[in-house]
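Please look at the sequence and the structure below, and keep both at hand while reading.

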Amino acid sequence: MTIPTAAYSVRLRVRLDNVPGTLGRLAIAVGEVGGNIIALEGFEAKTTHLDEDLIVNCIDAAQMQAVHDALHGLDGCEVLEFEDRTFGFHEAGKIEVTSTMPLRDMHDLSMAYTPGVARVCEAIAADPGMAFTHTIKKNSVAVVSDGTAVLGLGDIGPHAAMPVMEGKAQLFKTFGGVDAYPICLDVPKGDVDAIVEAVQRIAPGFGGINLEDIAAPHCFEVEARLRESLDIPVFHDDQHGTAVVVLAALENALKLVGKSMESLRVAVLGVGASGTAIAKIMLAAGVGDIVGVDRGGIIHPGRDGLNAAKQWFVQHTNRDALTGTITDALRGADVFVGVSGPGLVTAEDIAGMAADPIVFALANPTPEVLPSEVGHLAAVMATGRSDYPNQINNVLAFPGIFRGALDAHAHSITEGMKIAAARAIASCVPEDVLTASEVIPSALDTQVALAVGRAVAAAAVADGVARVR
């Protein structure tokens, strides 16, 4: 069941007749159309009326309009203001650039800019490594997208992708203390060369590159080429951020069901960017076997027309050469990971899994199967949504991963650094509070990025990709 959330919330200012029962009728009218009043504020009584501010959460835009219409037609109520709070949150953007040093007088100006700045430029020209200590490169990440795979919206283009990239930058700063900049590229769809060239040309100003919402399979080539050509970390969060958090949740879920990584068979539905990265990090962490499933069914050696990512599945997974559908892949499987679409798995499919199944149904906004349908069957269940327990949210991973990589001046992000990040996230749920409904920390837990950053920096040193210790 979908419940009202702040994503579809409105702020209203209403003028009510100052007589008994008017406020009660307002609350009933909102409730009858499914809205949830979460705050009443700004109360101001007049002689014949009172003004009231209220905030109402809804399930979608249609219900927001229904709230508006219900109150407009309510006897004794006048709607003075009606604001979509989400649009208000994004008005004029969500981030800004601020100065770290004051410009109080001409002395400050002469050091910050000409003539003093020339000496710093000359020093960096002689030793380019100084850019990591004397420019924003030390703490800056470019959040790069071409707008071809934005959230669940698909190919909406670079302009429409900007609010998401701004939000990503906001999360970087809030949780990791990293200065991130939204870079939305207007390039022809699928033009890998154009994306790679653009990022290569802007790379001198950044200490890391976070690729975001670039459609598969082009995202694989973009990341591979940039990792090869740049000497700073390149990280496609849709792939690796999701994979890290999934592994963290799996680590803790296994403690509850008493199974080992090596004993697991995992069915992955959806073998695009996220599914491929999830499979790779699970194998690196010791998972016994994985079966990948796409629209054509189970990926196996007899399948034709497979792209490079799916050929990787043929070479590294499905050791028993299973064929068939997701139902066949789930029969006897220990873990289900869905990164595909809504309603693709049934309760019967989950019932056919091994004892104490672990179900990660991560499609957004509607999972492959709802907790209300299989919660009684799954030993542990996670989704990508904030209104269910165990939200698999990338914000648990990417701020801390880049924090650690930047602190170590790492030139790349290794599989060891990602596994270290997953284990650090898992460790943020103490074993004395670990339950089936809490195998992963809250997305708002500010201690997670600190723990991940420390673990990632240490792993960068251990893996030999750190420039500093």
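Rings of Phe, Tyr and Trp (its six-membered ring) are said to pair if their centres lie within 6.5 Å, and the pair is called stacked if the planes are under 30 degrees apart, edge-to-face if they are over 60 degrees apart, and tilted for the rest. The model is a predicted one, in which local features need pLDDT of at least 70 and side-chain atom pairs count only at pLDDT 80 or more, while totals for chains, interfaces and linings use all residues. Residues are numbered from 1 along each chain as its sequence is written, and side-chain values use heavy atoms, with hydrogens and water left out.

## Aromatic rings

How many aromatic pairs does a search of the whole structure find? The search finds five aromatic pairs. In one of them, the rings of Y181 and F206 have centres 5.9 Å apart and planes at 65°, so this pair is edge-to-face. Helices (H or I, at least four residues) and strands (E, at least two) are DSSP runs numbered from the N terminus, and in these terms Y181 lies in strand β6, whereas F206 lies in the loop between α8 (192-202) and β7 (208-211), so that the pair links distant parts of the chain, 25 residues apart.

Are these two residues buried or exposed, if buried means under 20% relative accessible area, exposed means over 50%, and partly exposed means in between (1.4 Å probe, protein chains only)? Y181 is partly exposed, with a relative accessible area of 23%, whereas F206 is buried, with a relative accessible area of 10%. W312 and F313 form another edge-to-face pair, with 5.3 Å centre to centre and 85° between the planes, and W312 and F313 are both buried.

A charge sits over a ring if NZ of Lys or CZ of Arg is within 6 Å of the ring centre and within 35 degrees of the ring normal. K168 lies in this way over the face of F398, at 4.0 Å from the ring centre, and K137 lies over the face of F132, at 5.2 Å from the ring centre.

## Salt bridges

A salt bridge is a side-chain nitrogen of Lys or Arg within 4 Å of a carboxyl oxygen of Asp or Glu, and the structure holds 24 salt bridges. The table gives some of them.

| Residues | N to O distance |
|---|---|
| R11 and E81 | 2.6 Å |
| R11 and E83 | 3.1 Å |
| R104 and D108 | 2.9 Å |

R11 lies in strand β1 (residues 5-17) and E81 in strand β4 (residues 77-84), so their pair links distant parts of the chain, 70 residues apart. E83 also lies in strand β4, so its pair with R11 in strand β1 ties together parts that are 72 residues apart in sequence. E81 is partly exposed, at 38% relative accessible area, and E83 is partly exposed as well, at 30%. R13, R15, D51 and D53 are linked in a network of salt bridges.

## Cavities and a pocket

Rolling a probe the size of a water molecule over the atoms shows where empty space is left. On a 1 Å grid over the protein atoms alone, a cavity is a set of points where a 1.4 Å probe fits but cannot get out, a pocket is an open set with protein on both sides within 12 Å along at least five of seven lines, and lining residues have an atom within 4 Å of a point. Grid points are joined across faces, edges and corners, and a volume is the space filled by probe spheres set on the points.

A search of the whole structure finds two cavities of 30 Å³ or more. The largest cavity has a volume of about 40 Å³, and its lining includes F175, V395, L396 and D445. The second largest cavity has a volume of about 30 Å³, and F132, K138 and H409 are among the residues that line it.

The second largest pocket holds about 1,200 Å³ of space. Of the 33 residues that line this pocket, T98, S99, T100, M101 and I136 are the closest to its centre.
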